[in-house]
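Here is a short report on a ligand site and on a few residues elsewhere in the chain. Look at the structure first, then read on.

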Amino acid sequence: MITVASQTTTSQVIPLTPLLQQLTPLVLKLTPLVLTPLVLKLTLVINMDSQRKFFVIGNWKMNVDKSRIDSIVKFMTAASLDPTTEAVVGCPSCYLSYARQQLPNNIGVAAQNCYKVAKGNFSGEISAAMIEDCGCEWVILGHPERRTIFHEPDDLIREKVTHALKSGLKVVACVCETKEDRDEGRTWQVLEAQMASLASSISDWSRVVIAFEALWASNTGILATNNQVQEVLSQLRQWLRHNVSHSVADTTRIIYAGSVSSDNCQQMARLADLDGFLVGSAALRTDIIDIINARGSYVSRIVNFFSEQERSLKRI
Ligand code: PGA
């Protein structure tokens, strides 16, 4: 098109109507080809500009030994992981050093719990300093299993978060709702109380990821719908906006937990307020690769779309 225009000298008089008639089908063909990628590019830029790096933590819970860790490390190391995702594994305390040594540096290692003070006579507990001494920088606190099976109250979790942050660790701070909470319509009331307690312990939000778990959707055979997940995540972000600050609401990563797998991660990865996943069972399988790459595959699809449009343009 440009070539045709440049060959036209100013002295030539081209009748307008036939020219328009010639150009109209081309313009009609080109408009969606040009506009659609622009709109998609804008969407992508908005997503990328959110300053919230996609975050996936595979929580091994109490389900690994050295040989299982070896096999997970093998498939995670062999895979191509989306570099725009921050990937971490949640490891039992006795294997923290081992996992740290086996895993490449682009995969972080988190402890699944730690106590609220630096040291002392607390048999069975580990401290934030010990986690750091094992070469790890993350800890999961207030996990729903700690809250429900071990009856950890909000106050204890708050004290643990305060101490972990003060010690220099980064924290995946969990909030959750049970089936009863949802059935009895008190989901938000419960989450709000947990958030208020957590927030009172957090001075540096840049080292905190909030994980929301729908406990009723964890290993129960029931899956939360995208709408249910988005609704809660958006409420959590609004809560941060109104009770902490706009910038904390805009920059804090809020992730979802509850039977996330290869099958549902890609759809959920597109939710506006979702910044990643806390993954249990699927973290023991190669599913975790797809989950780490869930946002990337969306980006790849857009990139492929651009390439396809480019090829179409060249064919015209
Ligand atoms: P799930 O566990 O993915 O198996 O539901 C998540 C978690 O509790 O960390």
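Which backbone N or O atom lies 2.8 Å from an oxygen atom of the ligand? The atom belongs to Gly280. Keep in mind that this is a predicted model.

**The ligand site**

The shell around the ligand holds 13 residues. Glu213, Ser218, Ser259, Gly280 and Ser281 are the closest. By type, the shell divides into eight polar, three charged and two nonpolar residues.

| Residue | Protein atom | Distance to a ligand oxygen atom |
|---|---|---|
| Ser218 | polar side-chain atom | 2.7 Å |
| Gly280 | backbone N or O atom | 2.8 Å |
| Ser281 | polar side-chain atom | 2.8 Å |

Ser218 and Ser281 each use a polar side-chain atom. Gly280 uses a backbone atom instead. How much of the ligand does the protein bury? Taken alone, the ligand exposes 290 Å². The protein buries 99% of that area. The ligand sits in the second largest pocket.

Where is Glu152 found? Its place is the loop between helix H6 (144-148) and helix H7 (154-166). Is Glu152 buried or exposed? Its relative accessibility is 7%, so Glu152 counts as buried. The cut-off for buried is under 20%. The side chain of Glu152 also has a partner. It makes a polar contact with the side chain of Arg146, at 2.9 Å.

Ile157 lies in helix H7. Ile157 is buried because its relative accessible area is 1%, and buried means under 20%. How far apart are Ile157 and Asn113? In sequence, 44 residues separate the two. In space, their C-alpha atoms are 9.8 Å apart.

**Cys134**

Cys134 belongs to another loop, the one between helix H5 (128-133) and strand E4 (138-141). Why does Cys134 count as partly exposed? The reason is its relative accessibility of 23%. Partly exposed covers the range between the buried limit, under 20%, and the exposed limit, over 50%. Cys134 and Val109 are 25 residues apart along the chain. Their C-alpha atoms are separated by 9.7 Å.

**In brief**

The ligand has 99% of its area buried by the protein, with Ser218, Gly280 and Ser281 each placing an atom at the stated distance from a ligand oxygen.

Key. Residues are numbered from 1 along each chain as its sequence is written. This is a predicted model: local features need pLDDT of at least 70, side-chain atom pairs count only at pLDDT 80 or more; totals for chains, interfaces and linings use all residues. Side-chain values use heavy atoms; hydrogens and water are left out. A residue is near a molecule or strand if one of its heavy atoms lies within 4 Å of it. A polar contact is a pair of N or O atoms within 3.5 Å; within protein, one must be able to donate a hydrogen and the other to accept it, and residues adjacent in sequence count only if both atoms are side-chain atoms. Accessible areas come from the Shrake-Rupley method with a 1.4 Å probe; for residues, only the protein chains shown count as cover. On a 1 Å grid over the protein atoms alone, a cavity is a set of points where a 1.4 Å probe fits but cannot get out, and a pocket is an open set with protein on both sides within 12 Å along at least five of seven lines; lining residues have an atom within 4 Å of a point. A molecule sits in a cavity or pocket if more than half of its atoms lie within 2 Å of its grid points. Ala, Val, Leu, Ile, Met, Phe, Trp, Tyr, Cys and Pro count as nonpolar, Asp, Glu, Lys and Arg as charged, and the others, Gly among them, as polar. Helices (H or I, at least four residues) and strands (E, at least two) are DSSP runs, numbered from the N terminus. Buried means under 20% relative accessible area, exposed over 50%, partly exposed in between (1.4 Å probe, protein chains only).
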